[in-house]
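Subject: Structure handover

Hello,

Please find the structure below, with the sequence. My notes on what was found in it follow.

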Amino acid sequence: MDLNLPGNEHLELLQQIRQQAPAVPVVVVTGHPSLPTAIAGLRLKISDYLLKPVAYEELLQVVRRYLPSLDNGARSSASEAVLVSSSPTMQQVLSIARQVAPTDVNVLITGETGTGKEVVAREIHRLSRRSGGEFHPIDCAAIPEGLLESTLFGHVRGAFTGAVERREGLLQQCHGGTAFLDEVGELQITMQVKFLRTSQNESFVPVGDHREVQIDTRFISATSRDLEREMSEGRFRRDLYYRLEVIHLKLPPLRERLEDLPAIAGGLFRALRQPEQRAEDFDADAWQALRAYHWPGNIRELRNVVERGLSLAAGGLVGLAELPLEISGLLLDAGEFANAAVRRIGGETGDRISAEREYFRELLRGCNGNVSRAARQAGMSRQGLHRALRRHGLLPDQYRRRGDFP
């Protein structure tokens, strides 16, 4: 882009590009350089700054340098759609996040699963003085407990059976950067003690070693658990909580920021659409259903809905037929929902038993096993729904414990 354009005296175009496509590299070509413009451009993350006249080979070399980042940028922009918000609550969260980003204070991010906690953590890292270092996500729930200590802190040769060589831990790899402790509430008490000591002393001792390793690492933690309850029940240490929670960012669920649905969905459509896919938005009926839905999976679920719509839509708009039944069913009566279920499972319209079973199964899944909510959505009494569920062998309490639906 050029800077000397009508209506771009204050870099308005660049600001809009950064808001709508934050991951896309921007190269500025200008014949009128100035120090204030250059400083403002750096603040808005200009990738390169070329002065006219520009030789063709020089321009081509710059484009080639940044072209490989576009594939990764398109994928990351789907996540960065989380950062586009007109919700006052979310705007306040993002404002605090950007305010504390240049500091080194520890940040705790809480919220339901799928609300974008890692995206916010990456934004804090990107805006920090550590942006040139590693941003290392560490999933505390995914690493087996028996391997967690050596995975995080490393080990020396012979520390335990199978330790045939010295290995550097994840925290050492974060030196000079940011360690993102995802689902920190899943840590066992013994590991919480080690983390507390590490964050306080900025050092740790690898497994089987006696020498301390010094680290310069910022800790950003996240959890979907209620840590206040975990502390009151003795499952999470208060001293570690206060160490990690210098700044506490609580992300609102998607159902509390529905005004952001169009912007987030638009970003997801642009980021996820393949060349052969034509859909660019939802139609009016689909939008009505999307706004009525309670979004238990938050933005992660919205991403799945957009991907599904892109895959199924034949035209430029995604309609009710391309939405999951638990969402489209909000605008359909029981008979229409059952017929939609029949079409979805590929059966005949007369196959009412299969259709009813599919209808109630999707209804339960969409309501996360909540019978009262499912009954309201189906326009049935709670007792009537219970009878129907028993008739089809659908037991919501069992599913809620197992976390799935047959």
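C140 is buried at 5% relative accessibility, where buried means under 20% relative accessible area, exposed means over 50% and partly exposed lies in between (1.4 Å probe, protein chains only). C174 also counts as buried, at 0%. The structure holds zero disulfides, a disulfide being a pair of cysteine sulfur atoms within 2.5 Å.

Before you read on: this is a predicted model, in which local features need pLDDT of at least 70 and side-chain atom pairs count only at pLDDT 80 or more, while totals for chains, interfaces and linings use all residues. Residues are numbered from 1 along each chain as its sequence is written, and side-chain values use heavy atoms, with hydrogens and water left out.

Overall picture

The protein has 406 residues, and 44% of them count as buried. It contains 20 helices and 11 strands; these are DSSP runs numbered from the N terminus, with helices being H or I of at least four residues and strands being E of at least two. Among contacts between residues at least 6 apart in sequence, 67% join residues at least 24 apart. Contact here means heavy atoms within 4.5 Å.

Helices α5 and α6

The axes of α5 (residues 88-100) and α6 (residues 117-126) come within 9 Å and cross at roughly 35°. Axes are lines fitted to C-alpha atoms, for helices over the stretch in contact, and angles run from 0 to 180 degrees between N-to-C directions. On the α5 side the contact is made by M90, L94, A97 and R98, and on the α6 side by V120, E123 and I124. Five of these residues are nonpolar, none is polar and two are charged. For that count, Ala, Val, Leu, Ile, Met, Phe, Trp, Tyr, Cys and Pro are nonpolar, Asp, Glu, Lys and Arg are charged, and the others, Gly among them, are polar.

In α13 (284-292), the residues A286, W287, A289 and L290 are buried. Seen down the helix axis, the buried residues fall within an arc of 160°, so they line one face of α13; the arc is that of the directions from the helix axis to the C-beta atoms. Their cover includes α12 (261-272), β10 (281-282), α14, β11 (317-318) and α15 (325-328).

The loop between α13 and α14 (298-312) holds H294, which is buried at 19%. Leaving aside neighbours within four places in sequence, H294 is in contact with R255, G366, C367 and R373. W295 is found in that loop as well and is buried, at 0%.

Backbone points to check

Most residues other than glycine have a negative phi, and most peptide bonds are trans. W295 has a positive phi of about 50°. N298, in helix α14, has a phi near 55° and is buried at 0%. The peptide bond from K52 to P53 is cis, with omega near -5°. P53 sits in the loop between β2 (48-51) and α3 (56-66).

Residue S150

S150 is in helix α7 (residues 145-153) and is buried at 14%. Not counting residues up to four places away in sequence, S150 touches H155, F160, G169 and V207. The C-alpha atoms of S150 and F160 are separated by 9.8 Å.

Regards
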